[in-house]
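Student: Can you take me through this one? I'd like to start with the helices and then go to the packing.

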Amino acid sequence: MPRDRFALAAAAIPFALLAILSALALLQTVPGQPGLWVETATLMLAAYLAGCLAGGAGRLAAKRG
């Protein structure tokens with residue numbers, strides 16, 4: 001977990017971006033091919049963040065064990 005304010009803000013930026021992209025994709029505010037790009041970016045960012053969280057959890061588990 002980030003300890004200082006800057007690191008916490010830097011860690012929150014991708015999650016805020018995921019929330020914004022998810023809202024745009026769910027509300028279908030971007031029509032056509034750009035909307036497809038928004039949906040694709042949302043799915044790729046979600047997969048990336050899931051991998052980051054899994055890697056961080058693995059790192060914490062390796063420190064404890």
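**Helix length and packing**

Tutor: Helix α2 covers residues 32-64, and its end C-alpha atoms are 49 Å apart, which agrees with the 48 Å that its 33 residues should span at 1.5 Å a residue. The expected span is 1.5 Å times one less than the number of residues. Helices here are DSSP runs of H or I with at least four residues, numbered from the N terminus. This is a predicted model, where local features need pLDDT of at least 70 and side-chain atom pairs count only at pLDDT 80 or more, while totals for chains, interfaces and linings use all residues. Residues are numbered from 1 along each chain as its sequence is written, and side-chain values use heavy atoms, leaving out hydrogens and water.

Student: Which residues of α2 are buried?

Tutor: G35, V38, T42, L45 and L49. Buried means under 20% relative accessible area, exposed over 50%, and partly exposed in between, with a 1.4 Å probe and protein chains only.

Student: And what do they pack against?

Tutor: The buried residues of α2 pack against α1, residues 5-27.

Student: How do the axes of α1 and α2 cross?

Tutor: The axes come within 9 Å and cross at roughly 145°; they are lines fitted to C-alpha atoms over the stretch in contact, with angles from 0 to 180 degrees between N-to-C directions. The crossing is left-handed, meaning that the near helix is turned anticlockwise from the far one by less than a right angle. On the α1 side the contact (heavy atoms within 4.5 Å) includes P14, F15 and L17, and on the α2 side V38, E39 and A41 are among the residues.

Student: Which residues form the largest nonpolar core?

Tutor: L18, L21, V38, L45 and L49. Such a core is a set of buried Ala, Val, Leu, Ile, Met, Phe, Trp, Tyr and Cys residues joined through side-chain atoms within 4.5 Å. α2 gives the most to this core, with three residues.

Student: What does L45 contact?

Tutor: Leaving aside neighbours within four places in sequence, L45 is in contact with P14, L17, L18 and L21.

Student: Why does V38 count as buried?

Tutor: Because its relative accessibility is 15%. V38 touches L21, L24, A25 and V30, not counting residues up to four places away in sequence. V38 and L21 are 17 residues apart in sequence, yet 6.5 Å apart in space, C-alpha to C-alpha.

Student: Changing topic, where is Q28?

Tutor: Q28 is in the loop between α1 and α2. Its phi is positive, about 50°, although Q28 is not a glycine. Most residues other than glycine have a negative phi.

Student: Is Q28 buried or exposed?

Tutor: Exposed, with a relative accessible area of 64%.

Methods: Helix = DSSP H or I, 4+ residues; strand = E, 2+ residues; numbered from the N terminus.
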